[in-house]
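Hi everyone, thanks for coming.

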Amino acid sequence: DPRLHQLFGRYATYCGSSPFDAPATLMLVAHVEQAGVWRVRGGMHEIAASMQRMSERHGAVFRFGSGVREIVAERGRARGVRLDDGDVLEADAVVFNGDVSALGTGLLGADVVDAAPAVPAHKRSLSAVTWNIVGLARGFPLVRHNVFFGADCADEFAAVFDRGTTPADPTVYVCAQDRGDGESDDPAATAGERLFCLVNAPASGDSSPMTPPEVARCSERMRQVLARAGLSIEATPANVVTTTPTDFARLFPATGGALYGQASHGWAASFSRPGARSKVPGLYLAGGSVHPGPGVPMAALSGRLAAASVQADRSAAMRRTRSASTSTSRAAATPGGTSMP
């Protein structure tokens, strides 16, 4: 049934890719989901907030809202970061969790431009147009996660990856954030609820920004797909925040708005992602654009891999230092002595 093809092909978009070009191993996601899909009490942001609290208990200091002008290197090794205000924070190790393309395009300075290659525009993953809405959802029994499929799966991905446009008949993801996974969990429909709607878009926010008429057409197409399934969303313009690939490109420099780093197209794509150790000693990489891949669980794993790499390299350096300071003298014969009668 082509509808089953479309349903299971959707898993490729979990890493920002086309099901027509992604490796079949991504279908393992469907198997994993059978064990249950978990959400975090307090929302996904609570993961970051919990890590901050734990880190501060162990002496970490966070400086939010401080832009980094460049990563500083001395004699080929990362030694700290220079902030926008000119302050330099010295460090034995630097962990960079922005998109690796920011390094390869020189946005973090000439010292680390060779640390990791930039992702070519034609290899970028999906971007998106999103709508954050507080409104009334009527006509369809929403649960927390909902997908409303467009009529032509092949044309949807051809539009994004081949033609560089938003789909004429997009698939729409709707997250009803105040609901659970059953119809009995519906929120009160009086004051409205929080809704997040998304359609796929090309990662060309740095080269072909969407014009206001294009955004309006995309919004209308999104609502037409929902209406075809019987869902309508009522909200005032003041309660709708629209984000385009250009906005994502501004949030994540050098990406063009790509939300998943490099697209996982071809069997070898996963092996071309940079690892935790960059080509510049002392500079380590984490985030959704490096191994093992995009998404909160994978990005969290990349952070663990980066931390383990820092610890392993520091331990190896300490062993070399101790070995150099406690090395024994070379054995040699001693001339002279006392003769016995």
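Let's start with a pair: Val68 has Leu83 in S2 as its bridge partner. Before I go on, this is a predicted model, where local features need pLDDT of at least 70, side-chain atom pairs count only at pLDDT 80 or more, and totals for chains, interfaces and linings use all residues. Residues are numbered from 1 along each chain as its sequence is written, and side-chain values use heavy atoms, with hydrogens and water left out.

Back to the strands, which are DSSP runs (E, at least two residues), numbered from the N terminus like the helices (H or I, at least four). S1 and strand S2 (residues 77-83) run antiparallel, joined by six bridges; for two strands to pair, DSSP has to find at least two bridges between them. The open sheet has three strands in the order S1-S2-S3, with antiparallel pairing. At its edges sit S1 (68-74) and S3 (88-90), each pairing on one side only.

Now, which residues make the nonpolar surface patch of about 400 Å²? They're Val40, Met44, Ile47, Met51 and Val296. Ile47 belongs to helix H3 (residues 45-57).

Last stop: Thr130, in strand S5 (residues 127-138). Thr130 counts as buried because its relative accessibility is 3%, and buried means under 20% (exposed is over 50%, partly exposed in between).

Terms used:
Patch = residues over 30% accessible without salt bridge, like charges linked within 9 Å, V, L, I, M, F, W, Y side chains within 5 Å. Areas by Shrake-Rupley, 256 points an atom, 1.4 Å probe, with all protein chains shown as cover. Salt bridge = Lys/Arg side-chain N within 4 Å of Asp/Glu carboxyl O. Buried < 20%, exposed > 50% of the residue type's maximum accessible area, 1.4 Å probe, protein only.
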